[in-house]
Amino acid sequence: MKDYNNLSGEDGNILVKTTRKIVTEYIKNNTKTKLEKEFKNNYSFNAGVFVTLNSTQGLRGCIGYPLPDKLLFNALEDAAISAATKDPRFSPVKYEELDSITFEVTVLTPPKKIVVSKPEEYLSKIKVGRDGLIIKNGFYSGLLLPQVPVEYGWNEEEFLEYTCEKAGLPKKYWKNLDTEIQKFEGIVFKEEKPNGVVIREML
C-alpha cells in the first residue's frame, strides 16, 4: 500500500486532479463526487493534508488537517470542499472562478514536538524549505506550511515569528518557555497554471 514515503509524481497528478474534480462537482451541483474504488484503495493510509487554492490575486482558500487522523482520501475530500467554500477569510469560490484558480495539495508527516533546553535552539532545529511549523500557547494555535517561508523569503527566526502571528500571539512568543513548537514535513503537488500540468514543488 502507498504511504507518505512513496508518493510519486503520478500520485501527485492524481491527487490534484481529483481535488479539482471534487471541488467542481460540489460547487456546480452541491454534491460530493463518488470516488473510484481504486483511488480509495491507493490512498487509504492515514495522513495530514492541506488543500490550497490560488488565484491571480493570491491566496483564495486553504484548509486542511495537520494530524493523520483520517484516511488520506477522506481528508482530501473534506479539505478540498472546505478550502473552496468554508475558509472564513474568503467568500465561497464560484463555479466561474475555477478556470482561473490553481489547485495545490500538501501531504504531511505527523507533527513532532521540538525539544530544546533554551528557545534559541529552535533556530538550529528547524529548516526553511523542509519544515512546516505549529505553535501553541494556551488556547492559541497557528500553523504554516513548509512552502510559506520559501514563498516569502523568510529565515528561520522570521518563520517562527510569523507562525506566532498566525496563532494570534505576539511575534516573540516563540521564546516563551510555555510555548510548544512542533514541526512537520510536506510533499507539495501543484498545478503550474489553472487546469495545467501538475508538478512536485521542490522547496
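**Exercise 1. Is Arg 89, at 46% relative accessibility, to be counted as buried, partly exposed or exposed, and which residue does its side chain meet in a salt bridge?**

Solution. The model is predicted, so that local features need pLDDT of at least 70 and side-chain atom pairs count only at pLDDT 80 or more, while totals for chains, interfaces and linings use all residues. Residues are numbered from 1 along each chain as its sequence is written, and side-chain values use heavy atoms, with hydrogens and water left out.

Step 1: apply the classes, in which buried means under 20% relative accessible area, exposed means over 50%, and partly exposed lies in between (1.4 Å probe, protein chains only). Arg 89, at 46%, therefore counts as partly exposed.

Step 2: look for the partner, taking a salt bridge as a side-chain nitrogen of Lys or Arg within 4 Å of a carboxyl oxygen of Asp or Glu. The side chain of Arg 89 meets that of Asp 87 at 2.7 Å, N to O, and Asp 87 is buried, with a relative accessible area of 4%.

**Exercise 2. Identify the largest nonpolar core and the elements that supply it.**

Solution. Step 1: a nonpolar core is a set of buried Ala, Val, Leu, Ile, Met, Phe, Trp, Tyr and Cys residues joined through side-chain atoms within 4.5 Å. The largest has 33 residues, and those with the most contacts inside it are Tyr 43, Leu 53 and Val 107.

Step 1: at least two residues of this core come from each of helix 1 (9-29), strand 1 (48-55), helix 3 (72-85), strand 3 (102-108) and strand 7 (180-191). Helix 3 gives the most, with nine residues.

Step 2: a second, separate core has 22 residues, including Ile 126 and Trp 174.

Notes
Helices (H or I, at least four residues) and strands (E, at least two) are DSSP runs, numbered from the N terminus.
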